[in-house]
Amino acid sequence: MTTNDRSLKLISIFLLGVMLFNFPLVSLFSREGLLLGLPKLYWYFFVVWGGIIALTAWVARPAKAKKD
Amino acid sequence: MQPILIISISIGYVALLFFIAWIADKREAAGKSIVKNPAIYALSMAVYCTAWTFYGSVGRAATTGLGFLPTYLGPALLAPVWWLLLKKIILISKSQRITSIADFISSRYGKSTFLGVIATLVAVLGIIPYISIQLKAISSSFDLLVGQATASHANVPFYLDTALYITIALAAFTILFGTRNLDPNERHGGLVAAIAFESLLKLVAFLAIGLFVTFGLYDGFGDIFSKGAAVPSIRALFTLESAGLNGWEWFWLLFLSMSAVMLLPRQFHVAVVENTNAAHVSRASWMFPLYLLLINIFVLPIAVAGLMMFPEGGVEPDSYVLSIPLAAGYETLALFVALGGFSAATSMVIVAVIALSIMIVNNLVLPGIVRNQDFRQDNPYSISSSLLGIRRVCIILVLLLAYAYFKAVGEQYSLVSVGLISFTAIAQFVPAVLGGIYWKRATKKGAIWGLSIGFLIWAFCLPFPTLVETGLVNDRVMAEGLFGWGLLQPYALFGLSGYSPVANAAFWSLALNTFAYIIVSLNTQQSPLEISQADLFVDIYKYRSGGNEYEVMRRRARVRDIRILMNRFLGVARSQSLLTAYENRNRVDLSRQQTAEANLINYAETHLAGAIGAASAKIIIGSIAKEDPISLEEMFKVLEQTKEIVEYSKALEKKSAELERTTLQLKQANEQLKELDRLKADFITTVTHELRTPITSIKALSKIMLDNRNMPEEQRAEFLSIVVTESERLTRLINQVLDLEKIQSQPEDLKLEPLDLAEVARQAFNGLRQLMRDKGIVPELIIKDAPVPVYGNFDRLTQVVVNLLSNAIKFADDEKGQVHLRCYQGAKGGYIEVQDNGPGISPRDQELIFEKFTQISDSDKGKPQGSGLGLFITHTIVSQHRGRLSVESEPAMGATFKVTLPLYSEKQSNGVPPPEQ
């Protein structure tokens, strides 16, 4: 992965997050009712949030830890 | 709980912090630093989580549900691009030895003193409300623990107010902590370690109370939420719309927190100034969001639990975190949680106040002090200790201001609403910083205008109304607008209403700030120093890799003066070690030099900037150096040179790309040539083969006749006739090869003119009529009287018809041969059709017959007749006339060859496209 590739990937994650964490997508999950005991919106935010963290960790991992 | 217990625990905690800092400093001095790792770096960034997070989030969640989250989602969103954004800022700051966010902005725009003053004012005035909420949080948690009803601090005389004593204690603590080192320039390894520890403690404390509420008081998440969902007012918190949040508010909350996490003075301090290695950013970019996620998981459950435990109100939601364990009778847990809150608040206060005091000293106080002084006099008294003195005074001042704000207004507002006022102020730095590192054209004046306008709008829209409500300002302004102008109402500026004050203020201040920044930048010029600083900031990677620093100013100074200056501002020991390092690196002996070279002056300025800020360093170096600033033209020349090098390498790249393309083209051409060569060789092989057959037969027969003189006459005649036939065949073949060569090699010789296709058909037909009759074929010519006008070469087209007719004759039925020649004008062109009643051509052969040397062998007729070139020549000629040659045939049903030629009309007589080459 070149520096440029990594930059593009990180910017993509940023843009993805901006989309997922803003209206109107957020409002899709802003519904009453519980899912497995938790509010739907609560699920949505924390799952997406965790996903973004995992993606960032994967893309930003230091060069020497990479397999390729 | 006894106040004395709480106080002694707090003091014990502070002592622990000092111990940690002491250990860290010791380890650092021994070269075994514990703070130089990404995890500590990420934890120190978690100074972002203050009492706002610890107490305020739950309070916010109790009123707007998940509306507390954008404050943490914003940083989490931005973290992935830290690797680009934050790393660039860190690299710039390291190369320029930047000391604060105000210093960063001032340095970028030509080390402007004025801009530094404005940025410092924005930062200090913007952050004071933020510090005040920490005081509020500490004092109210103290009140709760000792069991006092949350009495209003506003009505208590100040000397009886616990908040004042807390403020004083914090000031003392911060002074001891932040100004321990005599050298203000050094990194605070101990501070970072203590902050990281505090971050860990507040996370553990918050998780403890979260687990206690969720799994101790209730039966897990499901239990809390299902019980909460039964209450309509609580159920409303599970969606955003019913909690009063829309997309516009949401967006601004995200935006504000995104700017805050990088530009708040304390965030800038831990993330940039205290950074030990820019590579740590990549780990921190997921560790820090993870920290935020963890500390937020239990916020909503605690808020829901609090609302259920205190349904009739009376308990401030901001204090649920403490009230819940206290009400449940768990005092020890409450104490531990309060300690977590204390650590959250103190870490923010310490770092924020240190960062602000550095800013105030370097950008506000020092430029004024050093401006008109002569530092050339050798003075044993080092100014660095007095710098620390000034810094201590600043710390006290900032904290007292925060206390005053708390006393005056802070108490009536929730923690988060006051915190957001500060976020909006800090967001005013966004255009100047972002533009500063990506847009070279941005000028000092643009930044000054943008920042000032944004700041004024902020001040009018957010803190000003809070003063109105305390009675300090007439409340008519709120309803009628400033000076009675309806458009100037703080909460409905320019008539925009219907949104929260924060969203409104953020929108107007940032929109006009950015607009002014861009417009003014485009209409003002940069000074040479601005140009060079802009280049350095925007293209930092170029300078890091190439190391090509150009000389901004031609400055001359005496080595002695520089030494005196460094002694005074950095202390003798440090300045001596810096100068020795310089001597070693550049292999010079400064004691032998009288005049300092530009290198040394720059070196001294950068290191002085690390202690006193870029603007002040520029002023004091200016006081000892004789300066011939490079003229604008020269500056451009220098920039032009670096630009030229870049362009040159770009040109080289382009050239090599071109070369590659040419090579590719050559390769392709070569392939084509090889292919042609192969075709030619094939052609020659086939032609010679074709030639050899008749020659062999002629040779053999002639030899037989030569050897057998007394051969019977009839046999000799038969042989001779075969020889003649074979010779004719040879001649025909040679003629056709020559024809083909001529047709293919000189298509430009083809003279095209308007002609009547029917006439061509008639002539060709008449020429061959006798031959056909001789062969017993019934010929038929079907043409109308009207001419068929086409554009072509008469001789060539005749050849086409003759070829097709000969072909038909050759294949026509032996017994009842029939050949029809039709010529007519159709919708799409002029047509010639030649039909025979021969054996026909199989579909497979139909594809091949127009190729060179294709001969259809026929088992009945044995050896094929003809050269195999006839149809190929015909096809070539027709193509050169932009026409089409096709065949329709079924086995045993004869074959029809059809030539289609474009019609000629008078109108386009000039515009007829030339035949295909």
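Colleague: Where does the charged end of B:Arg108 sit, and how far from the ring centre?

Modeller: A charge sits over a ring if CZ of Arg is within 6 Å of the ring centre and within 35 degrees of the ring normal. In this predicted model, B:Arg108 places its charged end over the ring of B:Tyr109. The distance to the ring centre is 4.6 Å.

Colleague: How many aromatic pairs does the structure hold, over all chains?

Modeller: Ring centres must lie within 6.5 Å to count as a pair. Over all chains, the total is 41.

Colleague: What kind of aromatic pair do A:Phe23 and B:Trp250 form?

Modeller: Their centres are 6.2 Å apart, with 70° between the planes. The pair crosses between chains, from the loop between helices H1 and H2 of chain A to helix H12 of chain B. Planes over 60 degrees apart define the class, so the pair is edge-to-face.

Colleague: What is the angle between the planes of B:Phe215 and B:Phe221?

Modeller: Both rings belong to a cluster that includes A:Tyr42, A:Phe46 and A:Trp49. B:Phe215 is partly exposed, at 47%. The two rings pair edge-to-face at 5.9 Å centre to centre, and the angle is 90°.

Methods. Residues numbered from 1 in each chain as written. Chains lettered and ligands numbered in written order. Predicted model: local features only at pLDDT ≥ 70, side-chain atom pairs only at ≥ 80, totals over all residues. Heavy atoms only, no water. Phe/Tyr/Trp six-rings, centres within 6.5 Å; stacked < 30°, edge-to-face > 60°. Helix = DSSP H or I, 4+ residues; strand = E, 2+ residues; numbered from the N terminus. Buried < 20%, exposed > 50% of the residue type's maximum accessible area, 1.4 Å probe, protein only.
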